[in-house]
Amino acid sequence: MKPALRMLELAEQIRDHQFRYYVLDDPQISDGEYDSFWNELLELEKKFPELKSNDSPTEHVGGGFSTSFETISHKEKMMSLDNVFNVDEFKVWSERVIKDAGTENFKWLTELKIDGLAINLLYEEGKLVRALTRGNGTAGEDVTLNVRTIQGVPDQLSGTNFPAMVEVRGEVFFPNKLFEELNASLVAIGKAPFANPRNAAAGSLRQKDPKITASRPLRMLVHGVGALEGTHFLSQSDAYTHLAKWGLPTSPRYKVLDSVDAVLAFISEYQTHRHDLEHEIDGIVIKVDDRTLQDRLGSTSRAPRWAIAYKYPPEEVTTKLLEIRVNVGRTGRVTPYAFLEPVRVAGSTVSSATLHNSDEVKRKGVLIGDTVVLRKAGDVIPEIIGPVMSSRTGKETPFVMPNECPECGSELRQMSDGDVDLRCPNSRNCPAQLRERLYYFGSRAALDIDVLGYEAAQALLVDGLVEDESEIFALTLQDLERSTFFTKKDGSLSAIAERFVTALEEAKSRPLWRVIVALSIRHVGPTAAQALATRFGSVEKISKATVEELADVDGVGAIIAESVVEWFEEEWHRNIVTKWSSAGVLMEQGELEILPQTLAGMSIVVTGSLSKFNRDEAAAAIVARGGKASGSVSKKTAYVVVGEAPGSKFDKAIELGVPVLDEVGFERLLAKGI
């Protein structure tokens, strides 16, 4: 295609997608696909400047569309940001800034790029007089009444030293948890769910009736200023300090850094933990902190030269939901999952995604045949966010949960009152449950046998080496000769076989709580297992405990207690314990594991990443010292331990005045209980 025609086509596509994104709140492509169109057009315009149109979208800030709200000019233009997508591109940009500044002796401000809706608040004599959307950057839609309903946005600034006039720029967003609750409520009343939190925020803010906006739990964080009269800020961080003093909602997560390397570390940290936050982000914004230097560096027609957005790889794409199938877990739970048209996302090709249960399918409002929004964050299991409603043709069909187990044919049923999941009751002989239990037996959460992966678990059953998990510790090298998985082409044993037998022998001396986890008792994970091991000291004592005695253990409760008692009532379950014990598996709490109960009666919450503990290890350390490893912050929480990139639990701790510890403080707490 000729360059001129391709440039025209790209410009039309970009405008169309901008319209769908900003006006209809119904994007048809992912951010990554949009960025690829934008970058292709930029490259063509650089190569053929004589073909560039005066009304090219690259010359204007996106979102220049208006529906029913009055359009009003901003006092100072709201700029967009240029983007970089990898470390090399960022280094080129930072080197250019350093060169233009004539020095590298300045500071960088780094902050999260919230995936929300840009907003501009105008305060005169401390009073909120107008709120506008970004619009085309020069003028935006008046949404003042709606913005006044947002929690945390003050009608009147605090204090007495606020400026005569200031434009405050920020981002309106939907907290992730509240977004899920909103979508569930929409589906429940037969309305279409939003595809993502950004669309929910935009749709909620653009309601004609402010009462509807007020019913939606929108939030806002500020990230800059526009026009300003009556005061002067020395730096971006100085501006944030003042904005916070005036009662405006500022993020606690920005940092002022001294070097490009420190900026790259900040970018990497949040790329790893981007989904641990209370809101969506799609990258990091990096700004020159010094305001005088900002003014000197200036801007292009659409973006400042002193700031850039480092965009993370796209983790949301659209694809076709071809079919909904079910699989069976280790405790018999039957879980629907989506079979998808293969699509590339977050660095890998995805063809399936979790759907959790039949109620979740209904809550998300997805139909077989839908075009759906798919998210995959790093190594996290891919998840369907929701359907693209505008792509429906009428041929889509609802999912119907099967009545029989797809692996053994048993009739599915709910095993107890209040259990939303259907389960296969054939726990002893169902091939799927056997396979999943063996796989879990070797997982890091249980006995941590790296050789016992999914393929090895399948081979043990298919090749008849074991009938169930009770026989696994009796396996010998001679037994493994019967399986092609553990042998070479010439029939001799492979190195994997020897490693497997050695790993089984080592697993016999694992801590008691890991053995309890490996039994696959429903609801009993690492935290509950640690609590049971600490209180009772042996599997035998646990097996003889009553529901009341078990429920009395902090971190266990009635549901887990009933599940433990029910498990030991089965003879074949008790046979597992007997055979493992005969094989030499440790069934009692070792004396070396009984530690001083420095945390007795304390509820401890851990949030963020610690350098010396993973999540299970931190919980184990707390429980082993008599404390409770809690997953939520309340007024009863004794301490919140904060690692790198903490989530909303850190904010909750600050709100409630709960003491906060870093990792050094956590280690001191474990040792001394102070």
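In the predicted model, the chain exposes about 31600 Å² of surface, of which carbon and sulfur atoms supply 49%. Buried residues account for 50% of the 674 residues in the chain. The C-alpha trace spans about 80 × 60 × 50 Å along its principal axes. For a chain of 674 residues, a compact globule would have a radius of gyration near 26 Å, and the value of 29 Å found for the chain agrees with this.

The secondary structure of the chain comprises 24 helices and 20 strands. Strands of a sheet pair through backbone hydrogen bonds, in either a parallel or an antiparallel manner. An open sheet of 4 strands shows antiparallel pairing, with the order β5-β4-β7-β8. Its edge strands are β5 (127-133) and β8 (219-229), each of which pairs on one side only. From one strand to the next, the twist averages 25°. The antiparallel pairing of β4 (residues 117-124) with β5 extends over 6 bridges, and Ile119 stands opposite Thr133 in β5.

Helix α8 (residues 236-245) lies across β7 and β8, and runs at about 110° to β8.

Technical notes. Residues numbered from 1 in each chain as written. Predicted model: local features only at pLDDT ≥ 70, side-chain atom pairs only at ≥ 80, totals over all residues. Heavy atoms only, no water. Pairing = 2+ DSSP bridges. Helix = DSSP H or I, 4+ residues; strand = E, 2+ residues; numbered from the N terminus. Axes fitted to C-alpha atoms, helices over the stretch in contact; angles between N-to-C directions. Contact = heavy atoms within 4.5 Å. Rg over C-alpha atoms; globule rule 2.2 N^0.38 Å. Buried < 20%, exposed > 50% of the residue type's maximum accessible area, 1.4 Å probe, protein only. Areas by Shrake-Rupley, 256 points an atom, 1.4 Å probe, with all protein chains shown as cover.
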